[in-house]
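Let's take a friendly walk through a protein model together. Keep the sequence and the 3D view open as you read.

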Amino acid sequence: MSVLVGAQTRVLVQGLGREGAFHAARMIEYGTKVVGASKPGKGGTTQDGIPLFDTVAQAVAATGANTSIIFVPASAAPDAILEALDAKIGVIVAITEGIAVHEMLTVASMLERSTSVLIGPNCPGLISPGTAKVGIMPAENFSTGPVGFVSRSGTLTYEIADLLTKAGLGQTTCIGIGGDPIIGLPTPDAVRYLNEDPATEVIVIVGEIGGSAEERAAEYMRAHGKKPAVAFIAGRSAPPGKRMGHAGAIVSGNSGTAQSKVAAFEAAGIPVATAPSEIPGLVKKALAGRR
Amino acid sequence: MKLHEFQAKQVLARAGIAIPEGRTATTPEEAEAIATALGLPVVVKAQVHVGGRGKAGGVKLAKTAAEAKTHATAILGMDIKGFTVRTIYVERAAKIAKELYLGITIDRDRRRAVVMLSTVGGMDIEAVAETQPDKIARSWPEPLLGLRGYAARALCFEAGVPEAQREAVAAMAQKLYDVFRSTDAMTIEINPLFIQEDGSVVAGDAKLEVDDNALYRQPELVTYKEIAPDEVQEERAKALGFSYVQLDGTVGIIGNGAGLVMSTLDAVKNAGGSAANFLDVGGGAKESVVKAALEIVLANPKVKAVFINIFGGITRGDEVAKGILAVLKDATPRVPLVIRLSGTEAEAGRALLEGAPLVSRATMDEAATEAVRLAK
């Protein structure tokens with residue numbers, strides 16, 4: 001079992017440029033059903049064996065695509081997301097980094113009127129090991145098992161998935177939600193999917209400084225948690241007022257601090273690892289307590 | 001990107017928001033002439049990209065043109081929290097009856113803009129939020145509708161704006177919201193917003209910070225960009241395609257991916273050390289980028305050891321190794337290097353680095369411990 005993406009997933013690629021084409025090939029290699037790509041003006045042709053369509057709506061009508069992955073540049077990406085929303089794609093994954101915040105305000109408003117889910121932007125995508133990869137993560141770090149995993153970071157996700165996999169702890173679905181201040185599926189919403197998934201036995205929540213999504217996720221788990229969770233917060237040693245790589249990773253005033261996030265998790269009975277290497281041990285302990 | 005008060009005020013004035021008459025000066029003589037031309041009294045204000053300039057003595061009232069010149073002499077060249085004052089703004093002093101606060105920022109949790117209005121003006125809004133939270137009225141406009149008249153009026157009622165100014169303040173809030181949207185602002189603030197003795201409203205100060213990701217479509221605002229002295233290395237890094245933040249410690253850090261680099265900083269702290277910088281080479285970094293990154297980190301005199309932490313995904317271990325070797329080829333670095341390579345092509349990378357003058361460790365924790373030891 002998995003959440004959001006799985007055996008039913010039929011992927012449309014928006015932006016089959018150099019990066020998009022590279023990752024589309026890796027997704028196909030993994031066994032993901034990539035059914036088409038949108039490329040205005042190239043409809044009716046193919047590229048690397050992938051059928052091309054002029055519009056997302058045409059692609060959906062012809063292929064039954066229910067998921068899209070977006071690689072187009074930041075200035076065009078909001079339009080690509082809105083086109084996917086308009087075509088009623090169920091799961092939209094925006095890899096693109098550097099989208100303007102005001103564009104995301106408009107996108108978020110349209111998203112709230114739809115039944116679609118947006119992952120990202122500025123994210124590595126998501127993977128349900130063994131069934132579907134809709135993202136840019138190196139697949140060999142992931143394996144099947146009972147751990148649901150949500151993370152705001154890219155590379156750190158690969159690092160932690162690798163640690164879990166090497167410890168024999170496979171995953172149901174790993175969701176890289178993205179490092180921007182405004183994203184489609186904030187931490188608490190991603191956690192809710194994993195909490196409601198019967199195959200997920202334990203949830204790993206990887207957050208970082210900035211915003212208060214981790215605090216809200218902790219509160220959600222305290223009130224509605226059906227299973228144990230383990231957390232990690234990146235950026236404990238970051239100084240206030242400095243943006244640490246991710247647009248969303250900034251401590252402003254008293255908000256967004258690692259201390260506040262750690263305290264919220266601990267108050268919800270969720271152990272917080274002080275280093276990624278501690279996560280597998282905490283997950284094993286959580287699973288042992290459950291079984 | 002931050003704008004100076006006088007730049008932000010020009011943006012506001014173009015949108016129809018009343019501002020006191022004022023001009024910029026870079027010499028005391030200019031300040032004196034402007035004071036005479038504007039009419040007295042005037043306020044002489046330091047133009048620096050940092051808060052708290054009033055407390056630092058960077059804002060002074062002058063009743064005569066000679067006094068304006070004296071204040072200008074004192075303020076020009078003044079150091080305010082590491083920023084040297086090069087420009088001052090000489091402005092006609094408002095006849096203040098009351099001070100309000102009006103500001104707009106991004107509410108990440110609600111994924112909306114939040115408009116804030118308070119009758120407690122002239123104070124840092126975060127301090128007001130802490131001590132008198134009920135004194136701030138808030139509104140979260142739907143982005144497709146904007147701040148409509150009824151919502152702006154409701155803000156005025158909730159905040160307790162005097163009846164005589166209600167329509168004017170509501171109209172100012174609507175105009176400010178339009179500026180917020182059209183300039184891709186992260187934050188825009190009029191603090192204080194003056195109610196003058198004659199009942200008119202005017203923007204006493206103006207703050208505007210623009211989203212760096214939107215500068216591509218703000219050609220006019222980009223011309224206001226200034227690089228602060230502590231941002232020179234950060235800007236140089238950005239031009240090379242990676243992000244760099246200067247910190248205070250002794251262990252130089254290079255990694256790939258913002259979250260991984262933040263964790264690397266934390267690992268160094270856990271091991272009893274402190275990081276000299278944050279440096280993310282980004283995804284898929286090639287040899288040349290890694291080389292440039294290493295050079296920037298080594299250029300910081302505080303650095304006593306460098307910790308390179310790479311988990312390969314799109315980034316390949318062999319490319320990273322080649323970048324390091326390109327630096328080592330020119331000269332042996334003045335400080336020890338510790339590297340941890342995992343993921344894509346890590347083995348190939350480690351093979352390339354065989355025999356090179358650096359320390360290799362298998363895990364992030366081990367490498368952090370070693371780097372901290374070597375930095376001491």
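## A tour of chain B

What covers the buried residues of α11(B) includes α10 (287-298), β17 (305-312), β18 (337-343) and α12 (346-353) of chain B. This is a predicted model, in which local features need pLDDT of at least 70 and side-chain atom pairs count only at pLDDT 80 or more, while totals for chains, interfaces and linings use all residues. Residues are numbered from 1 along each chain as its sequence is written, and chains are lettered from A and ligands numbered from 1 in the order in which they are written.

The helices and strands named here are DSSP runs, numbered from the N terminus (helices are H or I with at least four residues, strands are E with at least two). A residue is buried if 20 or more other C-beta atoms lie within 10 Å of its own, exposed if 12 or fewer, and partly exposed in between, with C-beta atoms placed from the backbone. In α11(B), the buried residues include Gly317(B), Val320(B) and Ile324(B). Helix α11(B) covers residues 317-330 and spans 21 Å from its first C-alpha to its last, close to the 20 Å expected at 1.5 Å a residue (the expected span is 1.5 Å times one less than the number of residues).

Now find the loop between α6 (166-182) and β11 (185-196) of chain B, where Thr183(B) lies. Why does Thr183(B) count as buried? Because Thr183(B) has 22 C-beta neighbours inside 10 Å. Leaving aside residues up to four places away in sequence, Thr183(B) touches Val11(B), Leu208(B), Val210(B), Gln218(B) and Leu221(B) (contact means C-beta atoms, placed from the backbone, within 7 Å).

Next comes a sheet. Four strands of chain B form an open sheet in the order β2-β7-β3-β4, with antiparallel pairing (two strands pair if DSSP finds at least two bridges between them). Its edge strands, which each pair on one side only, are β2 and β4 of chain B. Strands β2(B) and β7(B) pair over four bridges, and Ala25(B) stands opposite Ile88(B) in β7(B).

| Strand | Residues |
|---|---|
| β2(B), edge | 22-25 |
| β4(B), edge | 59-62 |
| β7(B) | 88-92 |
| β3(B) | 42-46 |

Finally, look at where the chains meet. The contact takes 44 residues from chain B and 45 residues from chain A. On the side of chain B that touches chain A, the largest share, 11 residues, comes from α9(B).

Technical notes. Contact = placed C-beta atoms within 7 Å. Axes fitted to C-alpha atoms, helices over the stretch in contact; angles between N-to-C directions.
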